[in-house]
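Please look over the chain shown here before reading on. The account goes from the whole fold to single residues.

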Amino acid sequence: MTEVLISVIVYLTVLFVVGALGFRRVHTLNEFCIGARVSGSAEVGLSGQISELGFFIFIMIPSGVYLSGLGKAWIIAGLFIGTMLIWYLMSFRMMRYSLKYQNVYTLPDYYDRRFGRGEFLPVTAAVINIVFDLIMAAAVIRFISLIIADLTGMKTIITSAVTVIVVMGFVMLSGYIGSVKMDKINGGIIIAALLALPVVTLFIFKADELIVSIMNSRVVGGVSRYLDLFRTGGEKISPADISNQLSWGFIIMGLPGLMVRFLSIGKARTAKHGGRAAILFTLLALFFTVVCGVLYRAFLYPMILKDGNNHLFVSKAVNKLVKMDMGYRIAGGVILAGMLASLLSMIVSEIHNSSVIIYCSLIRPRLLRKYKIKKNLKALRIILLFVSAVVFGLTFIDLDPMVVIETSFICVGSAFGPCTMLSLYFKRMNKYGAAAGVISGTLVSLFWRFFAVFRDNGEMTDLETLTGFNAIIPAFVISTVLIIVVSALTPDVTEGIKKDYDDVKNRIL
């Protein structure tokens, strides 16, 4: 266990050093919120992917593959295609809008400027963004606490408190600048962690022994079905299941953390090379996370995790590695550090984004518009304290963190994905259509997942279970249709907004 503790201490030390160095560079609100648009290509590309996809890379995908086989690997195709689409279709145009509007720090601010000044749309978008950011941050912290508790026996309340304090201190010191710098380091740690288990299994197993271990772990239907892309849980995968997994690629289009990265880009060269870094990292990470999902099945045997505790595969593997020789103990420390890097990056992004939205999109322009605030950074850091306290309080809510995080992703992605994409390519789109899209995306997602309906046999169930389709596709379709229809039936946008659209399209800034 010493090596594991050392790895955690080293990682937290690096986090503190990066935060302290970032503090020296943060003097203005612009630097704290979007890094004054001077971040490097690789930093922006890696930060966007890690801060939003860390949960998929270290928890969601490998736990699904561990439990049900390669039939759960279709999700990586959706996420990879979604990554390519956002960097090639969205990053450049959002960058140009950001440069034209100058001080746009959040997605609600972008909507406010893109569709004309107003109250309802930006406030609604801000509230939805804040609520689900805080809920997701608390759920990810709870996940970390459960894994650390399983590994060390430490009480979850202590782990949650330490995590909140560490993240709050880091964000307070360095803001956006520190997060993108740290994510550049996190990228290397995550790749090393994803490679650690394959390297370990090379030394422990021969090819036939690996297959025997998977077989002995009682995978449903045998090894051949477990390693079949067209089977999940031993049964033939349905078209609905494939479409559900692929549909996660749509969610990437509306994740606020990624959109803020696009707003922070200052040069086309940064967007171009940042996209390449993001796509390469995503390709490597998603491939090896599927490989690790299979290898965890063999490595953990004779321990067999069931549905409900399959997310503890990281802590179980690390606990097994620390009881082995030195090299394996080091590998265990690297795996734990990689998990912490991916999940802490998500928490940093959610808390930073929530704080900036509360202050820059709600309090300063709407509640303090008559006052000239001289110490914006001090006020924003006070908001950060409040946000951190709320997140810590939310960790006490005893809900399944996997369900909470998945629901938050779906709601946020469905609210902002269609709206943001169409805002870049639909000239006639107005604030009424945008508001209809944001609200409908959120409500349809919640309705589809949790609204109870009657089956033919009289039992109550939700639409997701009844239809076999998750909420992503219906939410995106309904949101897109409403945006187009409502925009067509309501007053046209102003000539100034049309000119901004044409300037961005024609690269005139």
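This is a predicted model: local features need pLDDT of at least 70, side-chain atom pairs count only at pLDDT 80 or more; totals for chains, interfaces and linings use all residues.

Residues are numbered from 1 along each chain as its sequence is written, and side-chain values use heavy atoms, with hydrogens and water left out.

The chain has 21 helices and four strands; helices (H or I, at least four residues) and strands (E, at least two) are DSSP runs numbered from the N terminus. For 509 residues a compact globule would have a radius of gyration near 23 Å, and the chain agrees with its 23 Å. That radius is taken over C-alpha atoms, and the globule rule is 2.2 Å times the number of residues to the power 0.38. Along the principal axes, the C-alpha atoms fill a box of roughly 70 × 60 × 40 Å.

Of the 509 residues, 59% are buried, where buried means under 20% relative accessible area, exposed over 50%, and partly exposed in between (1.4 Å probe, protein chains only). A contact means heavy atoms within 4.5 Å; among contacts between residues at least 6 apart in sequence, 83% join residues at least 24 apart.

The count of disulfides is zero, a disulfide being a pair of cysteine sulfur atoms within 2.5 Å. Cysteine 33 has its closest cysteine sulfur in cysteine 360, but the distance of 3.9 Å is too far for a bond. Cysteine 33 is buried because its relative accessibility is 1%, and cysteine 292 is buried because its relative accessible area is 3%.

Helix H15 (residues 326-367) contains alanine 331. This alanine 331 counts as buried because its relative accessibility is 10%. Leaving aside residues up to four places away in sequence, alanine 331 touches Ala196, Val200 and Leu321.

What about the backbone? Most residues other than glycine have a negative phi, and most peptide bonds are trans. Tyrosine 301 and proline 302 are joined by a cis peptide bond, with omega about 15°. Proline 302 sits in the loop between helix H13 (268-300) and helix H14 (313-321).

Positive phi values occur at alanine 36, near 55°, and at arginine 37, near 60°. Alanine 36 lies in the loop between helix H2 (29-34) and helix H3 (41-68), and arginine 37 is also placed between H2 and H3. Alanine 36 is partly exposed, with a relative accessible area of 30%, whereas arginine 37 is buried at 16%.
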